[in-house]
Amino acid sequence: MESFLVCFRAVVPIFLTMALGYLAQRMGAIRREDVPRMNKLAFRYFMSVTMFYSIYHSDVSQIAQPKMLVFSVCSVAVLYGGCVAFVLLTEKDPRKRGVKIQGMYRSNFVLIGLPLAGSLVGGADLGPVVLLVAVVVPVFNVLAVVTLEVFQGKHAAVGHLLLGIGKNPLILGTAAGLLFLVTPLRLPPAVLKMLGAF
């Protein structure tokens, strides 16, 4: 029962946030056409700041966990293979296969996973988890391109793919955090306080 209560307390804030957004939409404070801009704002700025802040406050001796990174990448690969096999067996229309595969293997790790991890273990060092995001997100993107090429007959240049990964705000935020973590560079307390408010 204690474990259930811990999980319940961790999940409830996420659902309350979703409920608040729904209520704001129902009251007219948020319009449907506002959602794409808000998503872009959150992805390009707020999430990258969260990545940076979590890495910045991490313990450099704990952040690099090669076994966890290898396990995660292998898990994504196995999950992707299972999704491909399932879709090939159940979906006869080739045009729908790519979309279904991407919908099955991609996750909402940044939006849901990080807040959930922070709620489950309050005050814990989220640096290793953030670094995991920086590894898993490119894997997701590469698999998405492969899926697009194989199942929809489109072709994406490798250089374009690498440029897209390099410009990803989550990757940039993590890279900036790692730079500050492994060098003597430090931010003024006022700036850190402002970043922590994100």
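What percentage of the residues of the protein chain count as buried? Please then examine helix H2 (residues 35–56) closely.

Analyst: This is a predicted model. Of the 198 residues in the protein chain, 30% count as buried. The chain contains 10 helices and 0 strands, so that its elements, read from the N terminus, run α-α-α-α-α-α-α-α-α-α. Among contacts between residues at least 6 apart in sequence, 75% join residues at least 24 apart.

Within this chain, helix H2 covers residues 35–56 and has 22 residues. From its first C-alpha to its last, H2 reaches 30 Å, which is close to the 32 Å expected at 1.5 Å a residue. The buried residues of H2 are Met-47, Ser-48, Val-49, Met-51, Phe-52, Ser-54, Ile-55 and Tyr-56. An α-helix has 3.6 residues a turn, so residues three or four places apart point the same way.

The axes of helix H4 (residues 66–90) and helix H5 (residues 94–105) come within 9 Å and cross at roughly 140 degrees; H4 passes H5 in a right-handed crossing. On the H4 side, the contact is made by Leu-79, Tyr-80, Cys-83, Val-84, Phe-86, Val-87 and Leu-88, while H5 contributes Arg-97, Lys-100, Ile-101, Met-104 and Tyr-105. The residues of this contact of H4 with H5 comprise 10 nonpolar, no polar and 2 charged.

Technical notes: Residues numbered from 1 in each chain as written. Predicted model: local features only at pLDDT ≥ 70, side-chain atom pairs only at ≥ 80, totals over all residues. Heavy atoms only, no water. Helix = DSSP H or I, 4+ residues; strand = E, 2+ residues; numbered from the N terminus. Expected span 1.5 Å × (residues − 1). Buried < 20%, exposed > 50% of the residue type's maximum accessible area, 1.4 Å probe, protein only. Axes fitted to C-alpha atoms, helices over the stretch in contact; angles between N-to-C directions. Left-handed = near helix turned anticlockwise from the far one by under 90°. Contact = heavy atoms within 4.5 Å. Nonpolar A, V, L, I, M, F, W, Y, C, P; charged D, E, K, R; others polar.
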